[in-house]
Amino acid sequence: MRARTAVLCSVADQGVAALTNILVLVAAARLSTVADFARFSAVYLVFTVLLGVSGAYTGQPLVLRRGGGEETRSACRSAVAFTVLAAAASGALLAAVCFLVPGDTALALLTLGLILPVVLGQDAVRYAFSTLQQPHLALLCDLLRLACVLGALGAQVYGASPARLITVWGLSALPALLLSAALLHRSTAGAPLLLRPMLRRGHLGQRFTVEFGVGNATSQLSVLGLGAVGNPLLVGALRGATTLFGPLNVLFTSATSFGPPLLGRITEERRRVRATAALAAALATTAGLWATVLALLPDSAGRQLLGDTWSVAAALLPATGSQYAAMAVGTCGMLALRMLDPRTTLAVQVVFSLIAVAFLAGGYLVGGVLGAAWGLFLGSLCKAAATWIRVARIRRRKPAPGEAVTADVLPSAP
């Protein structure tokens, strides 16, 4: 597939996947009271963390592979199988724990545990198709999932419980998973299934998972913690504001997850870094323009999107828009570091993720929910600056990233 076609299919696939997630949150907001949407948002936030862990452990190391031989096809098949098995084990544990806990939130978490293999497995196949340079197949499967989600949630009525909405959303991904599995089997038939290498010490996914844990997951779990000990509506407010910036998540996810195979086609290292910097400027500008559009949105249109949650989410738009602009720069900085040397990003993630949590908590103590949103912006800004400083230092040392990536990311199959 030509580079331009691959880019279009990859971005379109991310757009469809993100649109699906946005519509799930919009539908939940329209079908729920403010309190029920806060519960649904808390459970969906747990799913977001688990999705990020799955992508970091299996998906991101997978897309750094090069070549389309049997070893790559085996890695794709093994990554999907490993994801489904790991999701089944962790989902069963989550369901067993929540079975002993009363309350609507625990019941929704229990249902999340039961449908976890379906939603995580379908996402893992998308990484496999990208690695196999078949993003059009991922797009096809995600279009099917979008249609199923629209049909399933469209049949629900106002007042549906969070557990019911989670169940309907999860099961609607089953047809897409079955289609993805059939298409992947056709592309990887005959390749060996090797699960043990992903459990060995030194697997690059372990490092990426730690980075995610101290990065995105830390801030999201901090929001849950502040909602538990402080204002429970904090989770729903921040989640509602984040939902409005869903189109930007499309671009960020495309850059992080599927950028390396596309930028890797640029042979010269300096040109790759410049292309990544240009991408950062473009994404930051897009974030600013999108925040402006949302700020000018009439209240009637906002309530059509988020229902009762719009009133609290609208007040956070300036802070969330600024945060997304900073996130655009930081995301591309991490992408550049991954291509230069994937083992240099952990220190940046650890230090500045902890700083972001401190800004989040401090902002909440000073200014409540709005202060917490501005705290998230300051954390993202500091992290973005740190990533590009590290990129400049590595470029001055002129390393040999191609050899480092090959050694770390492309181990020989046993």
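Which residues does Phe40 touch, not counting residues up to four places away in sequence? Select Phe40 and look around the side chain. Phe40 touches Val24, Leu25, Ala28, Pro162, Leu165 and Ile166. Keep in mind throughout that this is a predicted model.

**Stop 1: the whole chain**

Zoom out and colour by secondary structure. The protein chain has 17 helices and zero strands. Buried residues make up 53% of its 414 residues.

**Stop 2: the nonpolar cores**

Select Phe40, Phe47, Leu112, Val119, Trp169 and Phe245. The largest nonpolar core holds 72 residues, and these six touch the most other members. Next, select residues 345–397. This is helix H16, which gives the most to this core, with 11 residues. There is also a second, separate core of 17 residues. To find that second core, select Ala75, Val80, Cys141 and Leu184, which are among its members.

**Stop 3: the aromatic rings**

How many aromatic pairs does a search of the whole structure find? The search finds six. Start with Tyr44 and Phe47. Their pair is tilted, with 5.5 Å from centre to centre and 55 degrees between the planes. Both residues lie in helix H2 (residues 34–63), three residues apart, which is about one turn of the helix. Tyr44 is buried, and Phe47 is buried too.

Move to Trp374 and Phe377. This pair is edge-to-face: 5.7 Å centre to centre, 85 degrees between the planes. Why are they about one helical turn from each other? Because they are three residues apart in helix H16. An α-helix has 3.6 residues a turn, so residues three or four places apart point the same way. Is Phe377 buried or exposed? Phe377 is buried, because its relative accessible area of 17% is under the 20% cut-off. Trp374 is partly exposed, at 35%.

**Stop 4: helix H6**

Select residues 162–171, which form helix H6. Which residues are buried in H6? They are Pro162, Ala163, Leu165, Ile166, Val168, Trp169 and Gly170. That is seven of the 10 residues, so H6 is largely enclosed by the rest of the structure.

**Stop 5: two helix pairs**

Show helix H12 (residues 269–295) and helix H15 (residues 317–340). Their axes come within 9 Å and cross at roughly 165 degrees. H12 is therefore roughly antiparallel to H15. The crossing is right-handed. Show the side chains where they meet. On the H12 side, the contact includes Arg272, Thr276 and Leu283. On the H15 side, it includes Tyr324, Cys332 and Met339.

Now show H2 together with helix H4 (residues 104–131). They pack at an angle of about 30 degrees, with their axes 9 Å apart. H2 and H4 are therefore roughly parallel to each other. H2 passes H4 in a right-handed crossing.

**Stop 6: single residues**

Select Ala95, in helix H3 (residues 70–99). Ala95 counts as buried, with 9% relative accessibility. Leaving aside neighbours within four places in sequence, Ala95 is in contact with Leu110 and Leu114. Try the distance tool on Ala95 and Leu107. They are 12 residues apart in sequence and 8.6 Å apart in space, C-alpha to C-alpha.

Go on to Leu150, in helix H5 (residues 135–154). Leu150 is partly exposed, with a relative accessible area of 46%. Leu150 and Ser172 are 22 residues apart in sequence, and 8.9 Å apart from C-alpha to C-alpha.

Finish at Gln133. Where is Gln133 found? It sits in the loop between H4 and H5. Gln133 is partly exposed, with a relative accessible area of 47%. Check its backbone as well. Most residues other than glycine have a negative phi. Phi of Gln133 is near 60 degrees, a positive value.

Methods:
Residues numbered from 1 in each chain as written. Predicted model: local features only at pLDDT ≥ 70, side-chain atom pairs only at ≥ 80, totals over all residues. Heavy atoms only, no water. Core = buried A, V, L, I, M, F, W, Y, C linked by side-chain atoms within 4.5 Å. Buried < 20%, exposed > 50% of the residue type's maximum accessible area, 1.4 Å probe, protein only. Helix = DSSP H or I, 4+ residues; strand = E, 2+ residues; numbered from the N terminus. Contact = heavy atoms within 4.5 Å. Phe/Tyr/Trp six-rings, centres within 6.5 Å; stacked < 30°, edge-to-face > 60°. Axes fitted to C-alpha atoms, helices over the stretch in contact; angles between N-to-C directions. Parallel < 35°, antiparallel > 145°, perpendicular 65-115°, else oblique. Left-handed = near helix turned anticlockwise from the far one by under 90°.
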